[in-house]
Structure formats: C-alpha cells, structure tokens
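The following report describes a single protein chain, with attention to selected residues and their surroundings. The sequence and the model are shown first.

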Amino acid sequence: MRTFPLLLTLLAPLVAQAAETPCEASDVAVEVVEGGILEAKTTRMGTNLQLGLSGVECGPALEAFRAVYAEFDRVEQLVLVDGDAPLAKLNAAAGGDPVPVPAELLQLVATAVDFAEKTQGAFDPTFAAMSELWRFDGSEQVPSDAAIDAARARVDFKKLRIDREKKTLQLTEAGMRVELGGIAKGYAVDRAVALLRKHGVERFVLRSGGELFVSGDPGGGHRRVGVPDPRGEGAPFALVDVRDRAINISTDGQRFFLKDGVRYHDKIDPETGRPATRSRAVAVVSARSATFSTRHSS
C-alpha cells in the first residue's frame, strides 16, 4: 500500500529512472514514474491536469493523452461565459426570454440544478452573481454587508428555468448569472474516464486540481490519498483508499487572506454570502466526479 499526499505529488518519480522518456512527442511530455506508469502533466481549465497510465504502450498512451486533453478543451468551450457562448447569451438575457442552448449544456445545467436541490442550495449554479464580490488577488477587501445582501438576492437556482422539450434555459430575474465552474471540471473528469476506458485503458490515475479518479490498480497497487490539513505542515490528517472511484477534496487553505484576525477564504456559503465556517477540509468519494464537484460549499 502506497501513500500519495494529494497536494504534494500524485505519483513520485523513480530516482533510478533513466532521464529519457519512453515516448517522444512534441505535444505531450511523458515520463515514467513509480510502477512503470506513463505520466503526462499539463494545464487545462485553469488548473493542473495529471494523467498516469499503467500497462499501456507508447503509441496507445499518446493517443489516450491527446484524447483526454481534447476532451477537457471541449468541455471548457462548452461552459464558457464570455463572447457569444451560450451561457454568455443566457446571462445577458437574464430577466428576459428563454435562450436556446446545446443539449449537452442543458443536461449539465440540469445536473447542477439537481445537485442544488439535493444540497438545499449549498451548491448553486446561479452563485455567479456573487462571485465578483470576493477577490483573493492580494487586495484583501471584505465586501460590505449591503453589497453581500444585494448580491445574495440575485442567487436562486429556483429562478433558473429549464425547458427540455424546447432545449432552452431562462433566468427569470435581471442581474442573475449562471456559471458552471463548480461542476465543469468534475464533468470533464467523468468524460475523460469514459474516453480512457473506450481506448481500452483500465488502470490509470487522473487528477484535475482537487478532482481525482483512480481506476484499477495503476502501478500494481491501491492508491491511498492524503486529505491535507490546511493548518498543518503539509502532512495529511486523513488517508483514504481509492479504487474505481472519484475523490473530490476541497479545503479553505488554497485561496484566502487574513484580516483583523479573521480568515477569509473562497469557499463561500450562498446562504450567508460569506466564507463557510463549518469545515476546514472536505473529501467526498463517489462513483463519478461531477456528482459532488462543487467549489462553493464546504
């Protein structure tokens, strides 16, 4: 049984491994890590993406890496909220008429709304109306109570209407906005897992930020994932065995600032409009990643 703290490295390189990689490609950088796993790292959807494949030859591995990268890029385009993207048009039309959207996007929004219902609004895809209030760019500005209350009034997933027959979405009040950042990476992970298995890859580790999926026994053993303590020194405070499952880890220690002795972080509770206070870290293990992929609850 091996231990892999999530915030340090997913797969530790073999010190004795030769410098040359077994796969040479201009668009994919591959190295061999523990257990003979072929691993590639890149950046997709604004976060680090790591994929390790076990028991796969160079050629099929490169095809699998490229397929995963392309799928992450495709999902990122699907959920864009600027330009002439469907969600941008939906947000611009808030308070007005329904907006037609692609069937896949409609289903993803429906999944987000379903999760909002199950969590009683702890996760809310209309939270975007409040997201501009809290910034973690070094300015250390705490929004006023009035600004928070005004923004909270525009957050309500029940005012997001879905018409499956007409394939339209509608925000019933002006000033509302939808963003899917809390579920999009999890959805991309699920899509990538399906693609890998379609390519015949059954033993792999896929990580996108705090989203992790372990399939089979990559490298010949189970994966024990460390849940970090945001107030600790890097050592995990809990270990979770993961196999053929997704694990989503969220902490209050990644984007935060301290002001007047108070810790403000980016896990905002939609009910209060302020940083959540019940937990420092949360880890959820499930069959699929998108089911529990949320940035705004804690």
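## Thr-168 and its surroundings

Apart from residues within four places in sequence, Thr-168 makes contact with Pro-98, Val-99, Pro-100, Leu-106, Arg-161, Ile-162 and Asp-163. The model is a predicted one. Thr-168 belongs to strand S7, which covers residues 168-171. Its relative accessibility is 13%, and Thr-168 therefore counts as buried, the cut-off for that class being under 20%.

Lys-167 lies in the loop between strand S6 (160-163) and S7. The relative accessible area of Lys-167 is 39%, so this residue is partly exposed.

## The loop between H2 and S5

Ala-93 is placed in the loop that runs between helix H2 (86-92) and strand S5 (99-100). Gly-95 is found in the loop between H2 and S5 as well. When neighbours within four places in sequence are set aside, Ala-93 is in contact with Val-99 and Leu-171. With residues up to four places away likewise not counted, Gly-95 touches Leu-171, Thr-172, Glu-173 and Ala-174.

Ala-93 has a relative accessible area of 24% and is partly exposed; Gly-95, with 44%, is partly exposed.

## Residues with positive phi

Most residues other than glycine have a negative phi. Lys-167 has a positive phi of about 55 degrees although it is not a glycine. Asp-260 is another non-glycine residue with a positive phi, here near 55 degrees. Asp-260 is located in the loop between strand S13 (256-259) and strand S14 (262-265). At 76% relative accessibility, Asp-260 is classed as exposed, because the limit for that class is over 50%.

## The disulfide

A search of the whole structure finds one disulfide. It joins Cys-23 to Cys-58, with an S to S distance of 2.5 Å. The pair links distant parts of the chain, 35 residues apart: Cys-23 is in the loop between strand S1 (2-5) and strand S2 (30-33), and Cys-58 is in helix H1 (residues 58-78). The accessibility of the two cysteines is set out below.

| Residue | Relative accessible area | Class |
|---|---|---|
| Cys-23 | 2% | buried |
| Cys-58 | 25% | partly exposed |

## The second largest pocket

The second largest pocket holds about 490 Å³ of space. It is lined by 21 residues, of which Gly-121, Ala-122, Asp-269, Pro-270 and Glu-271 are the closest to its centre. By class, the lining of the second largest pocket comprises six nonpolar, eight polar and seven charged residues.

## The protein as a whole

The protein contains six helices and 17 strands. Of its 298 residues, 46% are buried. Among contacts between residues at least 6 apart in sequence, 63% join residues at least 24 apart.

Conventions:
Residues are numbered from 1 along each chain as its sequence is written. This is a predicted model: local features need pLDDT of at least 70, side-chain atom pairs count only at pLDDT 80 or more; totals for chains, interfaces and linings use all residues. Side-chain values use heavy atoms; hydrogens and water are left out. Helices (H or I, at least four residues) and strands (E, at least two) are DSSP runs, numbered from the N terminus. Buried means under 20% relative accessible area, exposed over 50%, partly exposed in between (1.4 Å probe, protein chains only). Contact means heavy atoms within 4.5 Å. On a 1 Å grid over the protein atoms alone, a cavity is a set of points where a 1.4 Å probe fits but cannot get out, and a pocket is an open set with protein on both sides within 12 Å along at least five of seven lines; lining residues have an atom within 4 Å of a point. Grid points are joined across faces, edges and corners, and a volume is the space filled by probe spheres set on the points. Ala, Val, Leu, Ile, Met, Phe, Trp, Tyr, Cys and Pro count as nonpolar, Asp, Glu, Lys and Arg as charged, and the others, Gly among them, as polar. A disulfide is a pair of cysteine sulfur atoms within 2.5 Å.
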